[in-house]
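This briefing is for a reader who is new to the structure. Please have the sequence and the 3D view open while reading.

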Amino acid sequence: MADARFVLLDDRGILAVSGPDRRPFLQGLVSNDVDKVSPTAAHYAAFLTAQGKYLHDFVMVEADESIWLDAEAARLGDLKRRLSMYRLRAKASLDERLDLCVAAVFGADAPAALGLPSEPGVARPFGSGTAFVESAAGGPRLACHPAA
């Protein structure tokens, strides 16, 4: 565990989708199966136009009765606005979680430092947030309150 470090990713932010309809709301809008997302499984997805053009991409992970979208911070407001257009009667809320930060953890022991195996997509609650392995190339990330 001695060879694990982290760096805050100021260019990443969290959009929390919560409420009883959060899964069915997202299921019809994003490019991956939302039902596979859990506190122990993170999944990459994208939000596309009806014609299939890329608008946003993010990692989805479940935390605090919400599905957190780890997305580009500078465009988080646009993602929220675009998803809000489809909310209609769904009992789901979209909240930019400015109280959370995203960090990349790196080093030979990075997954072990977070109590994770090195398989892509694996996740677990960690402190006041969630730790997950983004991909084989991307390595582990941690989304949590800064004090955690």
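How far is the sulfur of Cys144 from the closest cysteine sulfur? The distance is 4.6 Å, to the sulfur of Cys101, which is too far for a bond. This is a predicted model, in which local features need pLDDT of at least 70 and side-chain atom pairs count only at pLDDT 80 or more, while totals for chains, interfaces and linings use all residues. Residues are numbered from 1 along each chain as its sequence is written, and side-chain values use heavy atoms, with hydrogens and water left out.

**Overall fold**

- The protein chain has three helices and ten strands; helices (H or I, at least four residues) and strands (E, at least two) are DSSP runs, numbered from the N terminus.
- Along the sequence, these elements follow the pattern β-β-α-β-β-β-α-β-β-α-β-β-β.
- The C-alpha trace of the protein chain spans about 50 × 30 × 25 Å along its principal axes.
- The radius of gyration of the protein chain is 15 Å, which agrees with the value near 15 Å for a compact globule with 148 residues; it is taken over C-alpha atoms, and the globule rule is 2.2 Å times the number of residues to the power 0.38.
- Of the contacts (heavy atoms within 4.5 Å) between residues at least 6 apart in sequence, 59% join residues at least 24 apart.

**Surface and burial**

- The accessible surface of the protein chain comes to about 7600 Å², and 54% of it belongs to carbon and sulfur atoms; the areas come from the Shrake-Rupley method with a 1.4 Å probe, and for residues only the protein chains shown count as cover.
- Buried residues make up 44% of the 148 residues, where buried means under 20% relative accessible area, exposed over 50%, and partly exposed in between (1.4 Å probe, protein chains only).

**Cysteines**

- The structure holds zero disulfides, a disulfide being a pair of cysteine sulfur atoms within 2.5 Å.
- Cys101 is buried, with a relative accessible area of 16%, and Cys144 is buried at 5%.

**Aromatic pair**

- A search of the whole structure finds one aromatic pair. Rings of Phe, Tyr and Trp (its six-membered ring) pair if their centres lie within 6.5 Å; planes under 30 degrees apart count as stacked, over 60 as edge-to-face and the rest as tilted.
- Phe47 and Tyr86 form this edge-to-face pair, with 6.2 Å from centre to centre and 75° between the planes.
- Phe47 lies in strand β3 (residues 43-48) and Tyr86 in the loop between α2 (76-84) and β6 (93-96), so the pair ties together parts 39 residues apart in sequence.
- Phe47 counts as buried at 3% relative accessibility, whereas Tyr86 is partly exposed at 45%.

**Salt bridges**

- The structure holds nine salt bridges, each a side-chain nitrogen of Lys or Arg within 4 Å of a carboxyl oxygen of Asp or Glu.
- One of them joins Arg22 and Glu62, with the closest N and O atoms 3.5 Å apart. Arg22 is in helix α1 (residues 22-27) and Glu62 in strand β4 (residues 54-63), 40 residues apart, and both Arg22 and Glu62 are buried.
- Arg23 also forms a salt bridge with Glu62, at 2.6 Å between the closest N and O atoms. Arg23 lies in helix α1 and Glu62 in strand β4, so this pair ties together parts 39 residues apart in sequence.
- Arg97 and Asp99 meet in a salt bridge at 2.8 Å, N to O, and Asp99 is partly exposed at 34% relative accessible area.
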